[in-house]
Amino acid sequence: MRPHRPSAPAAGRCLVVAALLLLPLAAEAQQRPARPAPRPPVATQPLPAPLPVAPPPLERRIGLDELGLEAGLAFGTAGREVAFAMPRDMPGLAARASLGFDLVAPFAGRQAVEVWANGRVLASRAFAEGETRLTIDLPIPAEDLARDGAALRLGLRLVDQAGGALATLRADSHLALLLPDGMAPSVATLFRLLPRQTQVLTRPGPLPATEAAAALRIGLALAGSGREVRIGSGAPPVIERGPAGQRLWTTGAVVVGLGPSGAAVLDLDGMPALALGGPQPERAAGLLDGPWRDAAAAPTLGVRDARAPEEATAALPFAALPFAALRGATLPQEGAAPGWALEFALRDLPGGGMPSSIDLAFMRTPDTAGRSIATAVLNDTMLGSAALAEGSPARISLPIPPALLRLDNRLVVTLQRPGPGGVAQLLPDSLLRLSPAPPSRDFLGLPSRFAGGVEVILDAPEGGPVAETLNPVLWLLRGLVPAAAPITVSVREGTAPPRPTGPFIAITAEPPAGSQPALRFDAGRLTLSDRDGRPLLDLEGAQRMIAAQSVVAEGDRPGLWLRLPTLMPALPAAAPRLERGDVALLDGQGVALAWSSAAPVPEVRLAYAEAPNPAAPAPAAPAPAMPGTAQAERSAILVWRPYVLAVLWVLGFALVVHAFLHPRREAEA
């Protein structure tokens, strides 16, 4: 059989089919790139570590309330100056000023505010048209911060085209100190930097007497520098965060009973804190409560450094105090009636003396039309006036009656000159002369008695006082104990009356041994009697009042006996003003009643440190109407009298019309 051979057309069809099948393979071969030649191996390098992000600086804001400008500062075209205290030994310090202004302009025009520092303008901003508010936020150059290591002085001046305008720096303005990360300030610098709100922290439970004394003394030092202090045993404060993530240092901390012996600077999670430790922490606290606080120029301070200045100063005699040591200015002034105001507190006088006289020294240009007359006013009462002799300096001396003295005193000296011109100055070496304090039962004599030291006697049945019970004691000490006065704490044991060893403040249920308090306590009643035992005052319902009495214990030791109530009231921010009298009742507003038990009739005085609470409950029985109240009520009635008469006239007219329209049926019949 002959084999089959494909014909030519069939062979062509097979070739076409084979080409179509191989066409995708050929296209893929054309699209596939050629294999590259082998390359030499590349050495891999590790990625660099990410740079650590520095935390934002810690902000310590200094508000106007710390400068005594709670209501702001008014200024005009003449300008005013604001001084902010600065740390001295902190490299890398930066600052920003946030200033808000209000404008009062009687005439239309353009007004602007200029901010000065060290004689040059830092910023000048204009009020928008029709706007009375302006905010300036500007950084402070580093050269201006370093110009004066003690303070930054910002000048404010109003530019007014129309005239008569007045600007006010608002109370919410502040200077933010940007503290560098990892700072290590000295003890003195940290003491000055602590915020206005500061906590004194102790261990929980009963405290040793030395730690209780250290808490009271450092609290007294902080309160004397304008801080609001609270003693407690809770957790330390934390750093707050602002709206933009800033780290705000708003609450400071002082830890008692922790750290090395003496004073040291600690770091509490990025916040600096002051620590007082060792067996004698009260001596380290004493160094920060006097004129030697700036000597602590290291991160640590030993107790031996605190002993020498304290003992040396206690032995120095003081007979006079120059006016340069008082609060106030004695700068030269021009005009026909220049004046100077100075202030001093009895608790701050050295040596425990009492003011007896003042010696005023003046330097002035010659008066051609006559003699100048100097006048001195103490606590709104004139001490006297005298004509100045010719020549410079001219001096006069005026005695101070003891009855004019207060805990906080204000002395105003004015000079009446015959001519309108000339320059005059109250010289800084004018003297406030002191004399030994005479024996007195008044509260006003206690600061001079406490100048050499005070013993605080406490009731502590559990073996020692706890931190929270020290706040009423600190509240009372702030108004009576002088700066740098040593403080010791002792605990009354058992039921025996306390026996002080020197000037004392006893916060006990029983009076000190040998004392004869005029105010007695019996089942919730307070009974006041005179020296002969005759009752003068009988009060009930005084469970929320603190009774304070000036007494003399055995051994002729003067002091103060304080009896706390069962229900402790909320204490005000201001310290009680115990001045005249020897018996006082204190409540949540300060001194409620104060009188002298030696007087035949109690002289009762109201001396509240703050305004009364508007939310106080109303009395159960209505108070008798005063003449002024009756007059006010009568005036209110007279104001409404025309309207009442008008209403009555309309009603009468309506009744007449109704009678005519609707006559009575009986009358018709």
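Mentor: Let's start with accessibility: buried means under 20% relative accessible area, exposed means over 50%, and partly exposed is in between, with a 1.4 Å probe and protein chains only. Glu 554 is partly exposed, at a relative accessible area of 32%. Keep in mind that this is a predicted model, where local features need pLDDT of at least 70, side-chain atom pairs count only at pLDDT 80 or more, and totals for chains, interfaces and linings use all residues. Residues are numbered from 1 along each chain as its sequence is written, and side-chain values use heavy atoms, with hydrogens and water left out.

Trainee: What partner does Glu 554 have in a salt bridge?

Mentor: Side chains of opposite charge can pair when their charged atoms come close. The rule used here is a side-chain nitrogen of Lys or Arg within 4 Å of a carboxyl oxygen of Asp or Glu. Glu 554 meets Arg 499 this way, 2.5 Å from N to O. Arg 499 is exposed, at 51%.

Trainee: How many salt bridges does that rule give?

Mentor: The count comes to 23. One of them joins Arg 60 and Glu 66 at 3.0 Å, N to O; Arg 60 is buried at 3% relative accessibility, while Glu 66 is partly exposed at 31%. There's also a network of salt bridges linking Asp 102, Arg 133, Arg 170 and Asp 172.

Trainee: And how do I read aromatic pairs?

Mentor: A pair of aromatic rings is described by the distance of the centres and the angle of the planes. Rings of Phe, Tyr and Trp (its six-membered ring) pair if their centres lie within 6.5 Å; planes under 30 degrees apart count as stacked, over 60 as edge-to-face, and the rest as tilted. Searching the whole structure turns up two such pairs. Phe 75 and Phe 101 have ring centres 5.9 Å apart and planes at 80 degrees, so they are edge-to-face. Phe 75 is buried at 2%, and Phe 101 is buried at 0%.

Trainee: Which residues make the tilted pair?

Mentor: Trp 340 and Phe 362, at 6.2 Å centre to centre with 50 degrees between the planes. Trp 340 is buried at 2%, as is Phe 362 at 1%.

Trainee: Where does the charged end of Arg 227 sit?

Mentor: For a charge to sit over a ring, NZ of Lys or CZ of Arg must be within 6 Å of the ring centre and within 35 degrees of the ring normal. Arg 227 has its charged end over the ring of Phe 191, 5.5 Å from the ring's centre.
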